Amino acid sequence: MNEIRNIVSDIKSGNIKPIYFLMGEEPYYIDKISDYIEAHVLADSEKVFNQQVMYGRDATIEDIVAAAKRYPMMAERQVLIIKEAQDLSRNIEKLVSYAENPQPTTVLVLNYKYKKLDKRKKLHKVIAKTGFIFESKKLYENQVSDWIRKVLSEKNYKIEPKASLMLVEFLGTDLSKISNELGKLMLVLPVGTIISDTHIEENIGISKDFNNFELRKAVGEKQIVKANRIIKYFGENPKNNPLIMTISLLNGYFTQLLLFHGLKDKSKSAVARNLGVNPYFVDEYFVAARNYPMRKVAQVIAFLRDADVKSKGVGANQSNEDILKELLFKILH
């Protein structure tokens, strides 16, 4: 996010590069930078003749170079944005000759999503000298909650840890999806709100009581009745609660628990750091560790692997609900 702020600051100050090559696995930041350039580099009156959007699937490198070499009309510069530029990946190195001597009055923006340039090849080296290369890296799951907190903080909102975890669990690490849902929340909630699990349930539709986070907690605390209520709800709502996701999250939880048992330093700060969890949730691991000694944790991980194989239709003819019921019985007893 700091790098994006620097890009925006440079553009505001007039330090505009002739080429912006935006690449990487996370499309959210690529779109953010591209959209900012599209909205702010030219005045509205200049955009009609001097701003053009092309798509990689419909254009060739030759088309792009020809458009980039055109002079602006009644403006200091023109902006040429290439969306879905990754569709040009087979021929992208043909851009070298233009990148070596880019048109100074053109701002060429290439949105190269889900891929990146080979640093060993000439194009990367040339653009690094004459333009700007931005790599948008995918966040790990344990980094997304912090990202949510920072995004909301910039808008003068806060969020409770459980509410943040619910969003990550339901939406995964797709920052665009999460950003859209945060936008909806900020439309209906007043500035300064501390967003809770109730807000998430009421405005996004994620149940605050029947989700994988609550199942994980119930399993850790050996709350058998509560765990069975949750899996019954999952069985009735399979589309929103896929078995593979539940198994994956439980496997991650018990893998963390195995790591917890192996820690020499079990201070809260050390546990949070080594397990990659919010300090708010650390107490739950102390409870779960008492309920699941290391030997039992190893057994549970084996149960989870077996359930994962069955969920993929190997060696079993059971419904997803029955697989989950059997799994929970083995874990909790």
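This is a predicted model: local features need pLDDT of at least 70, side-chain atom pairs count only at pLDDT 80 or more; totals for chains, interfaces and linings use all residues.

Modeller: Residues are numbered from 1 along each chain as its sequence is written, and side-chain values use heavy atoms, with hydrogens and water left out.

Colleague: Is Glu214 buried or exposed?

Modeller: Glu214 belongs to helix α11, residues 212-220 (helices are DSSP runs of H or I, at least four residues, and strands runs of E, at least two, numbered from the N terminus). Its relative accessible area is 6%. Buried means under 20%, exposed over 50%, and partly exposed in between, with a 1.4 Å probe and protein chains only. So Glu214 counts as buried.

Colleague: Which strand does β3 pair with over five bridges, with residues 51-55?

Modeller: Pairing takes at least two DSSP bridges between two strands. Here the sense is parallel, and Val79 in β3 is the bridge partner of Gln51. The strand is β2.

Colleague: And which residue in β4 stands opposite Ile81?

Modeller: Strand β4 covers residues 106-113 and runs parallel to β3, joined by five bridges. Opposite Ile81 stands Val109.

Colleague: How many of the six residues of β3 are buried?

Modeller: Strand β3 spans residues 78-83. It is largely enclosed by the rest of the structure, because the buried residues number five of the six.
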